[in-house]
Amino acid sequence: MAEIAIKKKRPKNLDLLSIRLPLPGILSIIHRISGAVLFLLLPVLLWLFQSSLASPESFATFKSVVGHPLIKLILLGLIWLYMHHFCAGIRYLLLDLHKGIDLESARLSSWIVFGVSIAMTLIIGAKVLW
Ligand code: HEM
């Protein structure tokens, strides 16, 4: 009975826009979203890669499509999703080993993940896309 009374008193906030997540929370959500997006896009990316290598003509078509600024922007976003997932994944593996689990270190490592993944995205994007 007392348990029911306590449950009823719990505050409910369904206004997602008013919830202020800490940085490690934002990182965690992006890690989950990036994992799902990468998983769903994997067949598409493999198919694109395979068809680009089918013949010199298909490679030329692929190159011209990838040359479009909008496609480059989308690919840059995908590179960032992968880089974020990769860097955040390494952070999670370290957390699993109990490295950096206090609040201060968790915040710092979140900043590092964002910084390194964005820097790697810009470097790879500059080398591969431009
Ligand atoms: C195309 C490649 C990849 C795909 C499709 C993928 C997909 C996923 C998915 C769907 C999850 C579950 C996310 C969740 O529900 O929270 C996940 C988690 C994870 N991924 Fe990946 N991943 C990929 C590459 C990588 C790489 C390269 C690393 C290396 C660091 C990595 C490290 C992790 C880790 C450590 C977790 C577990 C995080 C946790 O403890 O919550 N992943 N991945």
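Reply: Happy to; a few notes come before the questions. This is a predicted model, where local features need pLDDT of at least 70, side-chain atom pairs count only at pLDDT 80 or more, and totals for chains, interfaces and linings use all residues. Residues are numbered from 1 along each chain as its sequence is written.

Me: How many helices and strands does the chain have?

Reply: Helices (H or I, at least four residues) and strands (E, at least two) are DSSP runs, numbered from the N terminus. From that end the elements run α-α-α-α-α. The count is five helices and zero strands.

Me: What radius of gyration does the chain have?

Reply: This value is taken over C-alpha atoms, and the globule rule is 2.2 Å times the number of residues to the power 0.38. For a compact globule of 130 residues the radius would be near 14 Å, but the chain has 21 Å.

Me: Is Pro22 buried or exposed?

Reply: Pro22 sits in the loop between helix 1 (2-9) and helix 2. A residue is buried if 20 or more other C-beta atoms, placed from the backbone, lie within 10 Å of its own, exposed if 12 or fewer, and partly exposed in between. Because Pro22 has 12 C-beta neighbours inside 10 Å, it counts as exposed.
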